[in-house]
Amino acid sequence: MDCFKCPEKAVITLQHGSLCAGHFITCFEDKVFKTFRKYNLLRQNDRLCIAASGGKDSLTVLYLTKKFLQQENIPTEDFFALAVDEGIAGYREKTLVDLKKFCQENNVPLHIVSNKEEFGSTLDEAYPKINKGTSKKPCNVCGVWRRYLINKHARRLGATKLITGHNLDDEAQAILMNIFKANTQIAGRLGPITGVNKDGLFVQRIKPLYFCPEKEVRLYSWLKKFQVQYHECPYSAEGYRSAIQDLLNKFEQKYKGTKQGIVNSFLEILPLLKERAQGEIKSCQVCSEPANKEVCNACLLKQNLQNGGLNEHL
Amino acid sequence: MKLTVTLERENSTQNIEFKGTKVQDLLDFLKLSSEEVLIVRNSEVLTEDEMLSEDDLIEVLNVVSGG
């Protein structure tokens, strides 16, 4: 099949036509830059932190954020990457090698923080103790600690915006997960720019790849020759998200535009959800980080770990 | 059709034989969704309607992140 804009061979078929490599790259970059502009994701004096893992999404968002800043004549000195080493043997150390190389090549300072330093245990060591006697997967511990570390250290390093590599697939999955589990409160925290509370404890999160399907992100990173190796988290197939992902991919293959439709519909009702989600943010009595209870979830998990999983489960 | 396929996720190379002539036939044989993978031949990404040839060397790259 040929590109619908020129006689070159197509590399991808989109909902409204096929594109060659050159036109796809332009179209993809335009979509990301349009998201930056449409949702006013950046301000002139923002200090930007990219939450990075070394996978295709974080390398792509890092590269394109820098390109956007240069295009808009915004200084790029106030720009750094932050990675979390969860302590997943055979996995994270490999993606961090890719990330360090990429940051060096692109002149972006990189900070790495770890579960081991912060909570005294790697994820591999912690989750069997915390989840003992339950059917819970490591993903619950991983997600809570990861979000905690990213927010805490982005703020410590002076960031005013936290940029994540969440793509259209991630968002469509999260929307469905919240619907299936009736989590309307949590759904109000989604969207291309988050932060239901303008509280100083939370660094506002932005998602420039919000309208980019995962397949397009992989294709872009491959065409741009980013050195992304495929590394699979040993726990990835175990989560609830994985089942939703399979469901959505099957649907998308049969009915093109499904994921985009879910996200577009969600954006229509998001202002209402955000209104409902407005609530007081407390400060954790243990660590002073933001919490919706007296003690934050990260500290509750740490307490569970110290007590051998005998405390209240989250 | 006979092909040699390198699967990124499994980190393995296999010789396969299947009925059909197009990329979509290969995806069906491998029970993969076009949403999950990129199909590459000689450093070129192929769309699902692309014709394949006997003895092509094909790479199947994973779209979905590993974690």
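This is a predicted model: local features need pLDDT of at least 70, side-chain atom pairs count only at pLDDT 80 or more; totals for chains, interfaces and linings use all residues.
Let's start with chain A. It has twelve helices and nine strands. The radius of gyration of chain A is 20 Å, close to the 20 Å that the globule rule gives for 314 residues. So chain A is as compact as a globular protein of that length. Its C-alpha trace spans about 65 × 45 × 40 Å along the principal axes.

Now the helix pairs. Two packed helices are described by the angle between their axes and the distance between the axes.

Take H1(A), residues 21-38, and H2(A), residues 56-71. Their axes come within 11 Å and cross at roughly 70 degrees. That makes H1(A) roughly perpendicular to H2(A). The crossing of these two is right-handed. Who makes the contact? From H1(A), we have Phe28(A), Glu29(A), Val32(A), Phe33(A), Phe36(A) and Arg37(A). From H2(A), the list includes Tyr63(A), Leu64(A), Lys67(A) and Phe68(A). The residues of this contact divide into seven nonpolar, three polar and three charged.

Next pair: H6(A), residues 139-156, and H12(A), residues 297-306. Here the axes come within 9 Å and cross at roughly 130 degrees. H6(A) and H12(A) are therefore oblique to each other. Their crossing is left-handed. H6(A) brings Asn140(A), Val141(A), Val144(A), Trp145(A) and Tyr148(A) to the contact. H12(A) answers with Asn297(A), Ala298(A), Leu301(A), Lys302(A) and Leu305(A). By type, that contact has seven nonpolar residues, two polar and one charged.

Over to chain B. Which order do the strands of its open sheet take? The order is E2-E1-E5-E3-E4, five strands with mixed pairing. Why is one side of E2(B) and of E4(B) left without a neighbour in the sheet? Strand E2, residues 12-17, and strand E4, residues 44-46, stand at the edges of the sheet, and each has a single partner strand. On average, neighbouring strands are turned by 35 degrees against each other, direction ignored.

Look at one pairing in detail. Strand E1 of chain B, residues 2-7, pairs with E2(B) in the antiparallel sense, over six bridges.

Helix H9 of chain A, residues 214-223, packs on it. H9(A) touches E3(B), E4(B) and E5(B). The direction of H9(A) makes about 35 degrees with that of E3(B).

Technical notes
Residues are numbered from 1 along each chain as its sequence is written. Chains are lettered from A and ligands numbered from 1 in the order in which they are written. Side-chain values use heavy atoms; hydrogens and water are left out. Two strands pair if DSSP finds at least two bridges between them. Helices (H or I, at least four residues) and strands (E, at least two) are DSSP runs, numbered from the N terminus. Axes are lines fitted to C-alpha atoms, for helices over the stretch in contact, and angles run from 0 to 180 degrees between N-to-C directions. Contact means heavy atoms within 4.5 Å. Angles under 35 degrees count as roughly parallel, over 145 as roughly antiparallel, 65 to 115 as roughly perpendicular and the rest as oblique. A crossing is left-handed if the near helix is turned anticlockwise from the far one by less than a right angle, and right-handed if clockwise. Ala, Val, Leu, Ile, Met, Phe, Trp, Tyr, Cys and Pro count as nonpolar, Asp, Glu, Lys and Arg as charged, and the others, Gly among them, as polar. The radius of gyration is taken over C-alpha atoms; the globule rule is 2.2 Å times the number of residues to the power 0.38.
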